[in-house]
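Subject: Structure handover

Hi,

Here is the structure I promised to pass on. My notes on it follow below.

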Amino acid sequence: MRRFFAAILLAAALTLPAFASGVKLTQADFAFTAEGDLPATCAESTLGSLAADASREALGTDAAVIPGGLLSGTLETGAVFDTDVLRVIPADAPLNARTVSPAELRALLEAGISRVTIGEGDRVDVSASADENYPQTSGFTWKYDASAPAGARIVSIRLGGEELDLADETAFITLACVSEENTSGVTLRGALISYLSARDSVSEPSQRATVLGTSSYPLIDRFPIAALVCGCALLFVLAAIPKMKYERLFSFRPRLSMFRKLGKMHPDEPEDK
């Protein structure tokens with residue numbers, strides 16, 4: 001009898017950690033966090049990008065924008081369990097798909113970055129910039145100038161490799177976003193659990209947002225490389241003009257070469273050996 005009870009206790013001890021950890025969903029090759037030097041409430045975060053990717057996939061939309069304030073903590077490297085998802089999304093939120101124009105997408109992003117403030121050393125001031133609605137995005141890349149006035153910061157949005165017309169109100173984009181009503185039946189937690197369980201592993205997400213006017217991305221980054229190259233070439237040509245004029249006025253060798261080609265060289269001029 002004692003052996004029987006001992007076996008039961010041993011089995012319970014072995015299975016208890018599994019119940020405490022929950023169901024394994026996938027393996028994380030990277031630590032996805034909403035914290036760090038710049039949290040998800042004032043900057044792009046890896047956990048935010050992961051949640052936005054999951055939302056876009058769950059609703060089959062072109063893009064997704066998720067408020068950074070819904071996320072907390074870190075999904076550490078290694079095994080990821082469903083209980084981890086509950087931890088990093090403390091309060092679940094319903095997701096719905098809506099249709100927006102490029103101009104509306106711009107306005108949504110502008111609202112989310114309106115409180116971003118640049119402090120000492122051209123770095124984002126975390127305490128002054130924190131906003132629960134800071135956008136964590138998926139499906140597109142975007143640039144904004146943090147030194148510009150609020151409401152006029154978005155520099156560009158690229159979707160599917162093409163730059164959008166930020167004033168366009170006629171084109172339409174499907175967008176996954178948080179909503180007060182749950183008409184889709186999908187929630188942020190559910191979307192992330194489904195996304196993770198469908199993969200053997202998850203790796204570091206790609207960068208989506210570029211913040212100009214900071215120490216990481218100075219304003220010079222707004223100018224395309226091609227424009228800089230053309231500018232340097234123009235300066236080189238302008239600097240060379242005085243030398244070209246001098247050679248044209250005082251060098252006879254080029255003129256003689258031209259006459260030889262035309263067969264009009266002076267008869268007394270000896271040919272080069």
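In helix H4 (residues 102-112), the buried residues are Pro 102, Ala 103, Leu 105, Leu 109, Glu 110 and Gly 112. Buried means under 20% relative accessible area, exposed over 50% and partly exposed in between, with a 1.4 Å probe and protein chains only. Helices (H or I, at least four residues) and strands (E, at least two) are DSSP runs, numbered from the N terminus. The cover over the buried residues of H4 includes S3, strand S6 (94-100), strand S7 (135-138), strand S8 (140-145), strand S9 (154-159) and strand S11 (173-178).

A word on the source: this is a predicted model, where local features need pLDDT of at least 70, side-chain atom pairs count only at pLDDT 80 or more, and totals for chains, interfaces and linings use all residues. Residues are numbered from 1 along each chain as its sequence is written, and side-chain values use heavy atoms, with hydrogens and water left out.

Overall figures. The protein has eight helices and 14 strands. Of its 273 residues, 34% count as buried. Take the contacts (heavy atoms within 4.5 Å) between residues at least 6 apart in sequence: 74% of them join residues at least 24 apart.

Sheets. Strands count as paired if DSSP finds at least two bridges between them. S3 and S7 pair antiparallel over four bridges. Pro 67 has Pro 135 in S7 as its bridge partner. Axes here are lines fitted to C-alpha atoms, for helices over the stretch in contact, and angles run from 0 to 180 degrees between N-to-C directions.

Another open sheet has three strands, ordered S5-S1-S13, again with mixed pairing. Its edges are strand S5 (78-81) and strand S13 (201-202); each has a single partner strand, so one side of each is left without a neighbour in the sheet. S1 and S13 run parallel and share two bridges. Ala 28 is bridged to Val 202 in S13. H6 lies across S1, S5 and S13, at about 65° to S1.

S8 and S9 are antiparallel, joined by five bridges. Phe 140 stands opposite Leu 159 in S9. S9 is also joined to strand S10 (residues 162-163), antiparallel, by two bridges. Arg 158 has Glu 163 in S10 as its bridge partner. The S9 and S10 hairpin has two residues between the strands, and Gly 160 takes a positive phi near 60° there.

Cores. A nonpolar core is a set of buried Ala, Val, Leu, Ile, Met, Phe, Trp, Tyr and Cys residues joined through side-chain atoms within 4.5 Å. The largest has 27 residues, and Leu 47, Leu 50, Leu 75 and Leu 196 have the most contacts inside it. Strand S1 (24-28), H2, strand S3 (63-67), helix H3 (82-88) and helix H6 (188-197) each supply at least two of its residues. Apart from this core lies another of 22 residues, including Val 65, Leu 109, Tyr 134 and Leu 175.

Leu 47 is in helix H2. Its relative accessible area is 1%, so Leu 47 is buried. Beyond four places in sequence, Leu 47 touches Phe 32, Thr 33, Ala 34, Leu 71, Ser 72, Gly 73, Leu 75 and Val 88. Leu 47 and Val 88 are 41 residues apart along the chain, with 8.6 Å between their C-alpha atoms. Leu 196, with neighbours within four places left aside, contacts Leu 25, Thr 26, Leu 50, Leu 75, Val 80, Val 85 and Val 202.

Thr 46 is also worth a look. Thr 46 sits in helix H2 (residues 46-59). Its side chain reaches the backbone nitrogen of Thr 33 at 2.9 Å. That is a polar contact: a pair of N or O atoms within 3.5 Å; within protein, one must be able to donate a hydrogen and the other to accept it, and residues adjacent in sequence count only if both atoms are side-chain atoms. Not counting residues up to four places away, Thr 46 touches Phe 30, Ala 31, Phe 32, Thr 33 and Pro 205.

Cysteines last. With a disulfide taken as a pair of cysteine sulfur atoms within 2.5 Å, the count is zero. Cys 42 is buried at 1% relative accessibility. Cys 177 is buried too, at 10%.

Best wishes
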